[in-house]
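Biologist: Hi! Could you walk me through this structure in plain words?

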Amino acid sequence: MSYDRVKQAAKLTIGTKQAMKTVEQSQATEVFIAKDADPRITIKIVNLCKKFGVKVTYVDSMKMLGKACGIDVGAAVAAVVNE
C-alpha cells in the first residue's frame, strides 16, 4: 500500500508548498496526493510533477496521509526526497 512507502521513506516534505519546492529542485522521487484534498490546491503540484517527470501516487485520505507522515493533522501532499 502507498502509505507504507510514505512510512518507509528516509526523508519527506509535507505540504503543497514544500513539495513544490522539492520537485522544482529535482529532489523529489515520488509525490503522494490525497484524493480528498482540494483540487484547486493539488492541480499545481500535479502539473509540476508532469513537467519534471516525478511519479504521482494518489492515496485515499488526507488524514491517513498525515498519519503516515507522522503528523497529527491531515496532509494533502507529501513528497519523498531523494537523498
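Modeller: Happy to! One term before we start: contact means heavy atoms within 4.5 Å. Helices (H or I, at least four residues) and strands (E, at least two) are DSSP runs, numbered from the N terminus. This is a predicted model, where local features need pLDDT of at least 70, side-chain atom pairs count only at pLDDT 80 or more, and totals for chains, interfaces and linings use all residues. Residues are numbered from 1 along each chain as its sequence is written, and side-chain values use heavy atoms, with hydrogens and water left out.

Biologist: What is the mean pLDDT of the chain?

Modeller: The mean is 92, and 99% of the residues reach 70 or more. pLDDT is the predictor's confidence in each residue, from 0 to 100.

Biologist: And where is confidence lowest, and where highest?

Modeller: Lowest in helix H1 (residues 2–8), with a mean of 81, and highest in H2, at 95.

Biologist: Let's look at H2, then. Which residues of H2 meet H3?

Modeller: On the H2 side they are Thr16, Ala19, Met20, Val23 and Glu24, and they meet Ile41, Lys44, Ile45, Leu48, Cys49 and Phe52 in H3. The residues of this contact divide into eight nonpolar, one polar and two charged. Here Ala, Val, Leu, Ile, Met, Phe, Trp, Tyr, Cys and Pro count as nonpolar, Asp, Glu, Lys and Arg as charged, and the others, Gly among them, as polar.

Biologist: How do the axes of H2 and H3 cross?

Modeller: The axes of H2 (residues 16–24) and H3 (residues 39–52) come within 10 Å and cross at roughly 10°. The two helices are therefore roughly parallel to each other. Angles under 35 degrees count as roughly parallel, over 145 as roughly antiparallel, 65 to 115 as roughly perpendicular and the rest as oblique. The axes are lines fitted to C-alpha atoms, for helices over the stretch in contact, and angles run from 0 to 180 degrees between N-to-C directions.

Biologist: Which residues of H2 are buried?

Modeller: Thr16, Ala19, Met20, Thr22 and Val23 are buried. Seen down the axis of H2, these buried residues fall within an arc of 160°, so they line one face of the helix. The arc is that of the directions from the helix axis to the C-beta atoms. Buried means under 20% relative accessible area, exposed over 50%, and partly exposed in between (1.4 Å probe, protein chains only).

Biologist: What do the buried residues of H2 pack against?

Modeller: Strand S1 (12–14), strand S2 (28–34), H3 and strand S4 (77–81).

Biologist: What about Ser26, is it buried or exposed?

Modeller: Ser26 is exposed, with a relative accessible area of 56%. Ser26 sits in the loop between H2 and S2, and has a positive phi of about 55° although it is not a glycine.

Biologist: Changing topic: where does Phe32 lie?

Modeller: Phe32 is in strand S2, and is buried, with a relative accessible area of 0%. Among the residues Phe32 touches are Arg5, Val59, Leu65 and Val80. The C-alpha atoms of Phe32 and Ala79 are separated by 6.1 Å, with the two residues 47 apart along the chain.

Conventions: Lists of a residue's contacts leave out its neighbours within four places in sequence.
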